[in-house]
Amino acid sequence: MNAAAPVRWPAIAALTAVSALSQIGQFGIGFMVLPVWLAHHGLDAPRAGLFSASQWTGMLAGLLIAPWLVERIGAKRTVSLGLAATVIAFATMSALWWPLWLVPGLLTGLGIGLRWIANETWLYRLVPTESSGRVVGVHEALIATAGVIGPALAAWCAVDGRITFTAGAAFTFAAALPLWLTASDDGRPAVKTVRPARKTRAEKRAPIGPIGPLVSLGMVVVAAGGIGDGALYGLFPLFADAHGLSTTQTATLLTLFGVGGMALQYPIGWFADRVGLAATVIVCAALSTLAICGFSLAAPASWLADASALLLGGMNSAYITLGMVAAACSDKAALTRNMRLVSLTFTASSIVGPLIAGFAMKARGSDMLMWQLAIMSGALVAYTLGLREGRRQPDRSSSMG
């Protein structure tokens, strides 16, 4: 039935480009470079933690309202609203001051949340099941370039405010071009309404059905990743400043986090296919703990610091990749529900991460950032090992699908 319909590869490529370009502006510059600029403008750890939490709170709001907006105005317009919110944030940032900086912080997060759900749900509906693994792998690798391009730009321009804000707005606006060149599915309801009347009812029932063990593990993994991501990218500039690093050195290390995140996602996905999700989580969390220890012990500008930054960035990004693998490999009828659960868990934990780390760093010193990351990854190793030992590991065949 559906096999007869041709696969819309140009649309898949265009929507992947939307994700990649907008991620550079919204996350690479908005979430990674803005905290460096704020630290340069004298923000202390608790206030930097609040700013980072405001971004993740905006993202949470975007994730919550995106399905409602998609239903009413369509995916294309919902993504457009997300891009517009981020452009407005960059346009107003330099004219504001604390605590008004929290407003563009909320808007950058809101933009990512709207784009994430609307664009990726639209994208993955176009992808044939047999190609989903490869498309997800390529998609995640491309959006990981944001973690390289954003900080590299910051290192090149020494976090100059005008260049940073202009580049952030330009990349985000550029994402609108492939978006609006892609024909929307919203205007073709006839085909869908005639065929799957029963399917729609089943989909409505899916959210209240039980959450499978595979998705449950994915949610735990992204919770650990969210706490780490929110704290690391929101507060690392203050950690680096306390250790005597310049803004250029800080931006260089952030670039290495991004290179690790980009380079290691495909191998991690390949490894998960071979050995299963739980075993991959254990390996990634153990490597993350090792990278944190190496980073804490290394001299600021040494090969060990650089290598540890590459590994830490890769393992941190692996958590969200593994969470998305868990959602994508679960029951297709509950795909939207599971993607939403994973993304909401990641975002909610990303709000908590910088708040805890910010006040801990204020009370006990900047090294508390690395302690928090080490505790989270160590706890994830222990949890997943316990899951396997207790024979509650998700079905191996599911994790390898």
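Me: Hi! Is tryptophan 180 buried, partly exposed or exposed?
Reply: Hello! This is a predicted model, and in it tryptophan 180 counts as partly exposed, because its relative accessibility is 45%.

Me: Which helix is tryptophan 180 in?
Reply: Tryptophan 180 sits in helix H9.

Me: And what does tryptophan 180 touch, leaving out residues up to four places away in sequence?
Reply: Its contacts are Lys76, Arg77 and Ser80.

Me: Staying with H9, where does alanine 176 lie?
Reply: Alanine 176 is in that helix too, which covers residues 176-181.

Me: Why does alanine 176 count as buried?
Reply: Its relative accessible area is 17%, and buried means under 20%, so alanine 176 falls in the buried class.

Me: How far is alanine 176 from alanine 84, in sequence and in space?
Reply: They are 92 residues apart along the chain, with 9.3 Å from C-alpha to C-alpha.

Me: New topic, threonine 250. Which helix holds it?
Reply: That would be helix H13, residues 247-275.

Me: Is threonine 250 buried or exposed?
Reply: Buried, because its relative accessibility is 3%.

Me: What does threonine 250 touch, apart from residues up to four places away in sequence?
Reply: You'll find Val36, Phe236, Pro237, Ala240 and Leu245 in contact with threonine 250. Pro237 comes up again with alanine 39, which touches Pro237 and Leu238 once residues up to four places away are set aside.

Me: Let's zoom out. How many helices and strands are there in the protein?
Reply: The protein has 18 helices and zero strands.

Me: At what angle do H3 and H5 cross?
Reply: Roughly 40°, and the axes of H3 (residues 45-73) and H5 (residues 102-126) come within 6 Å. H3 passes H5 in a right-handed crossing.

Me: What classes of residue make up that contact between H3 and H5?
Reply: There are 18 nonpolar residues, nine polar ones and no charged ones.

Me: How much of the protein counts as buried?
Reply: Of its 401 residues, 54% do. The protein exposes about 17,200 Å², and 68% of that comes from carbon and sulfur atoms.

Me: What share of the contacts with a separation of 6 or more comes from residues 24 or more positions apart?
Reply: Those pairs account for 86% of such contacts in the protein.

Me: Last thing, confidence. What does pLDDT average over the protein?
Reply: The average is 78, with 85% of the residues scoring at least 70.

Conventions. Residues are numbered from 1 along each chain as its sequence is written. This is a predicted model: local features need pLDDT of at least 70, side-chain atom pairs count only at pLDDT 80 or more; totals for chains, interfaces and linings use all residues. Side-chain values use heavy atoms; hydrogens and water are left out. Axes are lines fitted to C-alpha atoms, for helices over the stretch in contact, and angles run from 0 to 180 degrees between N-to-C directions. Helices (H or I, at least four residues) and strands (E, at least two) are DSSP runs, numbered from the N terminus. A crossing is left-handed if the near helix is turned anticlockwise from the far one by less than a right angle, and right-handed if clockwise. Ala, Val, Leu, Ile, Met, Phe, Trp, Tyr, Cys and Pro count as nonpolar, Asp, Glu, Lys and Arg as charged, and the others, Gly among them, as polar. Buried means under 20% relative accessible area, exposed over 50%, partly exposed in between (1.4 Å probe, protein chains only). Contact means heavy atoms within 4.5 Å. Accessible areas come from the Shrake-Rupley method with a 1.4 Å probe; for residues, only the protein chains shown count as cover. pLDDT is the predictor's confidence in each residue, from 0 to 100.
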